[in-house]
Amino acid sequence: SSGINAEYGDLAFNWAYTNNGVRIALSGGNLSPADSNDQNTHGLGNHLVCNPHTGESNSDEYKYEISNIQNCPYPSCKRYKMQGTDHGSGTFLVSGPVYGNYAIYVSTDAKSFPLPGHHLDTEIVVDFPKSASAAEL
């Protein structure tokens with residue numbers, strides 16, 4: 001498993017709770033219950049004040065790309081820490097440092113992922129068994 005999953009939990013996709021949604025979150029952070037309006041699930045591709053089931057936005061003020069994992073429930077918390085400045089103009093959204101670039105790699109064949117420091121290309125070569133070619137699979 002990758003370092004991010006081993007340390008912070010599994011990936012949760014399209015997490016919807018009341019009028020909020022997150023495209024990708026980590027289960028090791030906070031996953032708000034479906035009926036909670038605590039605005040406390042943070043990850044990649046976040047949008048508060050929306051219909052997360054239809055993608056309809058009620059306000060562009062509170063959408064943001066990347067936030068830090070934080071325990072900061074609404075209404076007691078009034079400062080959500082973002083990575084960078086790519087976020088709406090909502091008063092609760094606070095710009096901060098960017099900690100790196102993010103990418104998601106999906107494979108049905110890979111048994112492991114290269115360790116940190118390994119240079120990745122846009123294509124990762126997977127060794128197929130000698131008896132099968134890529135066209136046969």
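Guide: Before we start, one convention: helices (H or I, at least four residues) and strands (E, at least two) are DSSP runs, numbered from the N terminus. This is a predicted model, where local features need pLDDT of at least 70, side-chain atom pairs count only at pLDDT 80 or more, and totals for chains, interfaces and linings use all residues. Residues are numbered from 1 along each chain as its sequence is written, and side-chain values use heavy atoms, with hydrogens and water left out.

Visitor: Thanks! So where is Val49?
Guide: Val49 sits in the loop between S3 and strand S4, which covers 50-51.

Visitor: What's its phi like?
Guide: Val49 has a positive phi, about 60 degrees, even though it is not a glycine. Most residues other than glycine have a negative phi.

Visitor: Is Val49 buried, partly exposed or exposed?
Guide: Val49 counts as partly exposed, at 24% relative accessibility. Buried means under 20% relative accessible area, exposed over 50%, and partly exposed in between, using a 1.4 Å probe and protein chains only.

Visitor: Which other non-glycine residue has a positive phi?
Guide: Thr18 has one too, with phi near 40 degrees. You'll find Thr18 in the loop between S1 and S2. That hairpin has two residues between its strands. Thr18 is partly exposed, with a relative accessible area of 31%.

Visitor: OK, and how do S1 and S2 run relative to each other, parallel or antiparallel?
Guide: Antiparallel: strand S1 (residues 11-17) is joined to S2 by six bridges. Across that pair, Leu11 stands opposite Leu26 in S2. Two strands are said to pair if DSSP finds at least two bridges between them.

Visitor: What else does S2 pair with?
Guide: S2 also pairs with strand S3 (residues 43-48), in the antiparallel sense and over five bridges. There, Ala25 stands opposite Gly43 in S3.

Visitor: How many residues of S2 are buried?
Guide: Six of the seven residues of strand S2 (residues 20-26) are buried, so S2 is largely enclosed by the rest of the structure.

Visitor: So what does the sheet look like overall?
Guide: It is an open sheet of four strands in the order S1-S2-S3-S6, with antiparallel pairing. S1 and S6 are the edge strands, each pairing on one side only.

Visitor: How many bridges join S3 to S6?
Guide: Three bridges join S3 to S6, which run antiparallel. In one of these pairings, His47 has Lys63 in S6 as its bridge partner.

Visitor: New topic. I keep clicking on Ser59. Where is that?
Guide: Ser59 lies in the loop between strand S5 (56-57) and strand S6 (63-66). Ser59 has a relative accessible area of 14%, so it is buried.

Visitor: What does Ser59 touch?
Guide: Leaving out residues up to four places away in sequence, Ser59 touches His47, Leu48 and Val49. Contact here means heavy atoms within 4.5 Å.

Visitor: Last one: which residues does the cis peptide bond join?
Guide: The cis bond joins Tyr74 and Pro75, with omega at about 10 degrees. Most peptide bonds are trans. Pro75 itself lies in the loop between S6 and strand S7 (80-81).
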